[in-house]
Each structure stands twice: as C-alpha cells, then as structure tokens.
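Here is my note on this model, as numbered points. Please read it with the structure open.

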Amino acid sequence: MKTAQQIIGLPVVSIFDGNEIGKVKNVIINASKGTIDFFVIDSGIRSLAGGVIPADRVLGIGEYALTIQQPDDISDIVKIPAAIELMQKNITVRGTRVLTKKGSLLGETGDIYINDEDSYNITGVEFLPTNSETPSGIIPRSSIITFGKNLLVVHDDFIDRLIETSRGIDSALDEEKKNNNLALQIDNTESE
C-alpha cells in the first residue's frame, strides 16, 4: 500500500540498463475505474509533451524507485489518446470536497491510498473533516460512489466506515475479498 505522495518524486529506473531515467511527476487517475492508469514522468529533458508510463508497464514501486523493464516503456503522452483524455478530466482527488449522496458537505480529501501490488486500484482516500467533532480517517473504496473533478461523492454512512490507519485498509480489503469469494461460492453452488 502506497500513497500518491510516496510515489510522486520517486526515481524511475530501467532494469534493462540500470539507469535512472526520470522522476515520477504525477499520477493520472481513471475516475470510472478508481485506478491509477498512468504515471507522468519528468525526465529532465525539455520537450513539448510529457512522458507517461502506462500502469501495466510498471514492474514495481518500492521505497526507493518505480521500476520499468526498459526506457521504451515511457511513451510520449500525445501518442496515447486515453492518457490525454484522462488528463483533460483533471481528476486529482487530493483537496477535493467530500459530499454525501444526500448532499451534505463534510470536509475534503487528503492523500489517496493505492494498492501497489495489484492493478493500482485506489483503496482509500484520506478524509479531513471541516467540523472538529467529525472524526478524520481513511474513506474505504467501498464507501466512494464517484471520483469527480471537484467532489468526491460518498455513501451517507461513510463516517461509520472510516478506517483509522493504512493498516486498516489492508484488513478491510482482506475482509472484502473473503466476502466476495464467499458470495462467488454461494452463487456457484446455487447455479449447480
């Protein structure tokens, strides 16, 4: 589990030649899937367009670096229409307002938590309440309805589901997987 802020600024290393070829400048969020689809790279070379790495080309994200197989895994953003489209939507999550389904504005978002071992799913979003009586914590992905440009829309009961620490996200994900597997087993049994 990594936060976006832990990823932004990491060196990008090609394991093919062992060279550092840039730094992660930003992440591009796919709001409809709730994933990080691209990593924006600053290679230090001035060009008209920026370089991006599709998430499926990333080998891993460690404490020191984001690794890719070879420098060719970095593409010019103008060559990837999907990246341009997502970038134009400008979904940043950090600093957006948190709105419940019934229309209550309760705070704003901090950092995002990303499953760096799977498909770069957003697993949670830090919640910073405007009211000191409302608890802060991490909104689990299951409580998020919509990632918008200016608003994060959540279920009305999201405060009851807040997770205190990033370790709690792992536990919540494990519990969710168990429940999903159990539901699949029940469905398979009923269909037989």
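1. Is D157 buried, partly exposed or exposed? D157 is partly exposed, at a relative accessible area of 33%. Buried means under 20% relative accessible area, exposed over 50%, and partly exposed in between (1.4 Å probe, protein chains only). R161 is also partly exposed, at 37%. The side chains of D157 and R161 meet in a salt bridge, 3.6 Å from N to O. That term needs a side-chain nitrogen of Lys or Arg within 4 Å of a carboxyl oxygen of Asp or Glu.

2. A word on the basis. This is a predicted model, where local features need pLDDT of at least 70, side-chain atom pairs count only at pLDDT 80 or more, and totals for chains, interfaces and linings use all residues. Residues are numbered from 1 along each chain as its sequence is written, and side-chain values use heavy atoms, with hydrogens and water left out.

3. The structure has 7 salt bridges. One of them joins D111 and R94, with the closest N and O atoms 3.8 Å apart. D111 sits in strand β10 (residues 105-114) and R94 in the loop between α2 (81-89) and β9 (97-100), so the pair ties together parts 17 residues apart in sequence. Helices (H or I, at least four residues) and strands (E, at least two) are DSSP runs, numbered from the N terminus. D111 is buried at 8%; R94 is partly exposed at 46%.

4. Now the sheet. Its 7 strands form an open sheet with mixed pairing, in the order β6-β7-β2-β3-β4-β5-β8. β6 (58-61) and β8 (75-76) are at the edges with a single partner strand each, so one side of each lacks a neighbour in the sheet. Pairing requires at least two DSSP bridges between two strands.
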